[in-house]
Amino acid sequence: MANGWFGKKRLPGAEVQEAPPSIPDGLWTQCGKCREVLFAREWERNLKVCTKCGHHFRLTAPERIAMLLDEESFVEIDGDLTSANPLNFPGYDDKIRRHGAASGLKDAVVSGHGTLDGYALSVAVTDAHFMRGAMGSVVGERISRAVELATQRRTPVLLISGSGGGARMEEGLLSLMQMAKTSASIARHHDAGLMTIILLTDPSLAGIMASWGSLGDVLLAEPGAQIGFVGERVSQQAHLGKVPQGFQSSEFQLTHGQIDQVVHRKDLRDTLTLLLEFAGAPGVA
Ligand SMILES: [Zn+2]
């Protein structure tokens, strides 16, 4: 596994990573968990995992694709899809523009196809830096199309969740509909005898986990990721009682049978390669 993935091929939005204001941008960054100050170059070489405590920082969708797929193999599809404002929800157009300008993305997902260690696959990655990764029509449509493309090409599909926003309230029922649509596309992919791999990263919550985020043949998660439906505060507000400590972590979900494996970021590519090999994914000539 090569070092310097982030430096080699920056895609639009790859630079977005907030640094604490007291630390000079670009040279140092601070771990949000243990507060250790980290030398940025070393931290990047370590795939943005804290060298002291192992905390996995959030990645943007372009960073994730650059890290996992073979160099220059990724071909984005549906990159021109943008959200409409069908309900004329106040401020929604502005919000889309602001998040687009800050992240370099058109919406909270990047999708396309490429290869991973030579194995062809479709991929879609939601990005928590754009409206917390909440699923609207564009996110749902691009995920469904990525799955459908994989079905047509008879390849596996890898869906990566980084979404704490659930369904996007600004699009109302059209957002909720994406849960059924994405689920149906995965079911058809499954019926065609093809593999769906889900990778859950921090955060993976709400509508994502009530639809495509839990529908893989294999469910992987990064260490320490927040994974669940509703949070502790909402659970208690809804009078569901006291929740177990850490009940939304990857590790809790693993010990309770909700996911198959927790995989350190440095091992992800090798783990995915093994799965693609097992799935009999067609390679590229
Ligand atoms: Zn740390």
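**Exercise 1.** Is E72 buried or exposed?

*Solution.* Before we start: this is a predicted model, where local features need pLDDT of at least 70, side-chain atom pairs count only at pLDDT 80 or more, and totals for chains, interfaces and linings use all residues. Residues are numbered from 1 along each chain as its sequence is written.

Start with the cut-offs: buried takes 20 or more other C-beta atoms within 10 Å of a residue's own, exposed takes 12 or fewer, and partly exposed falls in between, with C-beta atoms placed from the backbone. Now count: E72 has 11 other C-beta atoms within 10 Å, so E72 is exposed. Helices (H or I, at least four residues) and strands (E, at least two) are DSSP runs, numbered from the N terminus.

**Exercise 2.** Find how many residues of helix α3 (residues 61–68) are buried.

*Solution.* Go through the helix: A61, P62, E63, R64, I65, A66 and L68 are buried. That makes seven of eight, and α3 is mostly covered.

**Exercise 3.** Work out how helices α5 (residues 137–153) and α6 (residues 173–191) are oriented towards each other.

*Solution.* First, get the angle, which is about 10°, and the distance between the axes, 9 Å. Axes are lines fitted to C-alpha atoms, for helices over the stretch in contact, and angles run from 0 to 180 degrees between N-to-C directions. Then apply the cut-offs: under 35 degrees is roughly parallel, over 145 roughly antiparallel, 65 to 115 roughly perpendicular, and the rest oblique. Therefore α5 and α6 are roughly parallel to each other.
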